[in-house]
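Dear colleague,

Please find below the structure that I am handing over to you, together with its sequence. My notes on what was found in it follow.

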Amino acid sequence: MSSYDGTEIIHHELKTGARWGMSPDEDTTDTLEAVYILSGKLTMHTTKGDHQLEPGDHVAAQPVSEHLVFTALSDSTFLYVSSKPIFHHYFNETRELELLAVNIEKKDGYTADHCERIKDLSMLVGEKMGLNSEALQKLHFGALLHDIGKTKVPESILLKPGKLTSDEWTVMKDHTRFGADILKKTNIPHLILAAEIVEQHHERYDGSGYPKGLEKEQMSLESAIVGLVDSFDAITSDRVYQKGRSKESALAEIKQLRGIKYHPDVVDTFLSIIEND
Ligand SMILES: [Fe+2]
């Protein structure tokens, strides 16, 4: 809406079900950030619990010391004021990475909405498991950008039609570490937080995954969620070179691997959502 002398006033619209967040930032300890609700209804998730917000309600923090996630319960609008013009920088850089992530998944044979699907389903699982606002923020960006590291995998490997050699497979597996590095280098708090999911989304409950072979609680719950949702989507998606399997067949496989490849609690929550779909 307007920006002057380091202060920004932004008019935001959130469609029903959409989310928006505010995160602490070490570089901006003297920043004031405030939200004023104009229309609609939102839930604000904080580390201490949830609050309902209605028109006229406002939230201010100086500085933001915890992760706040706003979920629109109906189409909503609000004003966001920041005393430092960080928002545009964060927004543009995050958006650029999201577009990059979508493009790389398309190259890898997925449809354009693969990242969005992973994000939506992961968030449903995370919310149902009662994750706090910080974890939800992490889950949102980690799910959207889980494969961003594939941008650093040479096309000769990413697009190879046949089987990968063991050296090529080693490079392919590095997309987890490459991705985490890309996010950490942005210096943007919500992306640094999400880097852990990007690094761990191919780890498996029994330690058979990569890059580190972490097992059970060594990997974060958020990573376990994205790992399961990504596997489900990979099994059921039609790719350029193969047709996806049925939802029933994918669910049977996931049930069989509950507590082996996949975290049992994540599987239970995932099934309770998907089987009622
Ligand atoms: Fe991946």
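**Strand pairing and the iron site**

Strand β4, residues 33-39, pairs with β9 in the antiparallel sense, over six bridges. Please bear in mind that this is a predicted model. Within that pairing, V35 has Y80 of β9 as its bridge partner.

Strand β9 also pairs with β2, which covers residues 7-14; this pairing is again antiparallel and runs over seven bridges. Here the bridge partner of I9 is V81 in β9. Strand β9 itself comprises residues 76-82, and five of its seven residues are buried, so the strand is largely enclosed by the rest of the structure.

I turn next to the iron ion. Its protein donors are D147 through OD, and H175, H201 and H202, each through NE2. The angles among the four donor atoms range from 83 to 173°, and the site is classed as irregular. A tetrahedral assignment would require all angles to lie between 85 and 135 degrees.

In sequence, the donor residues follow the spacing D-x27-H-x25-H-H. Two of them, D147 and H201, link distant parts of the chain, being 54 residues apart. D147 is in the loop between α3 (133-144) and α4 (155-158), whereas H201 is in the loop between α7 (189-200) and α8 (221-236).

As to the protein as a whole, it has ten helices and nine strands. Its radius of gyration is 20 Å; a compact globule of 277 residues would have a value near 19 Å, so the two agree. The C-alpha trace spans about 55 × 40 × 35 Å along its principal axes.

Buried residues account for 49% of the 277 residues. Of the contacts with a separation of 6 or more, 70% are between residues 24 or more positions apart. The accessible surface comes to about 13500 Å², and carbon and sulfur atoms contribute 51% of it.

Yours sincerely

How values were computed:
Residues numbered from 1 in each chain as written. Predicted model: local features only at pLDDT ≥ 70, side-chain atom pairs only at ≥ 80, totals over all residues. Heavy atoms only, no water. Buried < 20%, exposed > 50% of the residue type's maximum accessible area, 1.4 Å probe, protein only. Helix = DSSP H or I, 4+ residues; strand = E, 2+ residues; numbered from the N terminus. Pairing = 2+ DSSP bridges. Donors = N, O, S within 2.8 Å, 3.2 Å for Na, K, Ca; no water. Tetrahedral: all angles 85-135°; square planar, octahedral: opposite > 155°, others 65-115°. Rg over C-alpha atoms; globule rule 2.2 N^0.38 Å. Contact = heavy atoms within 4.5 Å. Areas by Shrake-Rupley, 256 points an atom, 1.4 Å probe, with all protein chains shown as cover.
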